[in-house]
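Biologist: I want to learn how to read a few features in a model. Please take them one at a time.

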Amino acid sequence: MLPSTNDTLFHELALTLLPGIGPQLTRQLMSYGGSAKNVLMMPPGKLRRIPGVGDATVKILTGKDREAAFRKAEADLKKAEKDGVEIIFYTSKRFPSRLKLIPDAPAILYYQGTADLNALKTVALVGTRQATDYGREQTERIIKGLLPHRPLVVSGLAYGIDIMAHRAALQEGLDTVGVMATGLDIIYPAVHRKTAEKMREQGGLLTEFPFGTPPDRYNFPARNRIIAGLSDGTVVVEAAIKGGALITAELALSYDRDVLAVPGNLGSAASAGCNALIKNNKAALYAEPLDLEQLLNWDAALDQSGKFKRVTTHSAEDFTPDEFALITVLAAAGGREEQMDELAWKAQLPIYTVASLLLALEFRGVVRALPGKKFALV
């Protein structure tokens, strides 16, 4: 067993390493157990009273699988400490607040880097692996257009548009995070290792998969949901009519995040997916930086001279995780009012909890109450 200082994270990590215990079941177990340690030490009779827990799950939580998870958790914590990897459970203040808002958020993240995952502004750039010169040119142009805002640039470290976005961000001095479909110790594709190493110093690498996880094809759609969930908006630069970029766009839409697409020639197969997104009103057309600024309300951060103006923001360290979840939802509304029930749904909190939290935040001068049970940031 690890020292007591690591006891909480040790049990949280072990819980996520159990076979068949996915993120949603993890949250269900945590809601009844109160902590990962309580869940893993709970007797079978008590476990069976938790909705969704049957004999098979009880066996996993109390038998040989649990002991194997304990051994791997201990080894992985030692490796993480050695390699400078941060392991972030979903209850941690360090867990990305935007990602926490999506219904299928991962239960744990492995992160190696310097970027703030709760950056004031984040944007995803995704696209086809078979990128053309046009796609490269547009990617570089978009990155240059983002410079006044200094956002965190998110993509998937894949061939084509993804790696072009990462390299363009590095070139322009922007932090960029690559979301991986493998463990952090397996760079895929391997030819992107040098770029990944630079990203560790100017951005980071992020995954929900434990050390040693290979690039299984089922991991990539899961990776895409993190890209979409981590970002204020997603820009599809170049995409065929089918592929991972369109999956990311659909996921972003399902999370109520904005999507933009760069149009291409009607006869170009590489732009067919982008053109279809625009045609079907699933994506706004990206032609210039103003398109993204207005859609994401980023234009509010520019003064009349067009220069970037720093805007005040709240720090997660000053609030409880639930309070900061509400603040994040209100901030994402871009100054618009939000009704209490909408806040509860988007923050994934019970309505009675939201009511008391909002009252406390109002007393602190963080939010203001409006008629019709609506609220906005001060």
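Modeller: Start with strand pairing. β10 and β12 (residues 374–377) pair in the antiparallel sense over two bridges. Two strands count as paired if DSSP finds at least two bridges between them. Strands (E, at least two residues) and helices (H or I, at least four) are DSSP runs, numbered from the N terminus. This is a predicted model: local features need pLDDT of at least 70, side-chain atom pairs pLDDT 80 or more, while totals for chains, interfaces and linings use all residues. Residues are numbered from 1 along each chain as its sequence is written, and side-chain values use heavy atoms, without hydrogens and water.

Biologist: Which residue stands opposite K374 in β12?

Modeller: Q339 does.

Biologist: What packs on the sheet?

Modeller: Helix α15 (residues 321–332) packs there, touching β10, β11 and β12. Contact means heavy atoms within 4.5 Å. The direction of α15 makes about 85° with that of β12. Axes are lines fitted to C-alpha atoms, for helices over the stretch in contact; angles run from 0 to 180 degrees between N-to-C directions.

Biologist: In what order do the strands form the open sheet?

Modeller: The order is β10-β12-β11, with antiparallel pairing. β10 (338–339) and β11 (367–370) each have a single partner strand, so one side of each lacks a neighbour in the sheet.

Biologist: Is R98 buried or exposed?

Modeller: Buried means under 20% relative accessible area, with a 1.4 Å probe and protein chains only. R98 has 10% relative accessibility, so it counts as buried. This residue lies in helix α7 (residues 97–100). Its side chain reaches the backbone oxygen of A119 at 2.7 Å.

Methods. Buried means under 20% relative accessible area, exposed over 50%, partly exposed in between (1.4 Å probe, protein chains only). A polar contact is a pair of N or O atoms within 3.5 Å; within protein, one must be able to donate a hydrogen and the other to accept it, and residues adjacent in sequence count only if both atoms are side-chain atoms.
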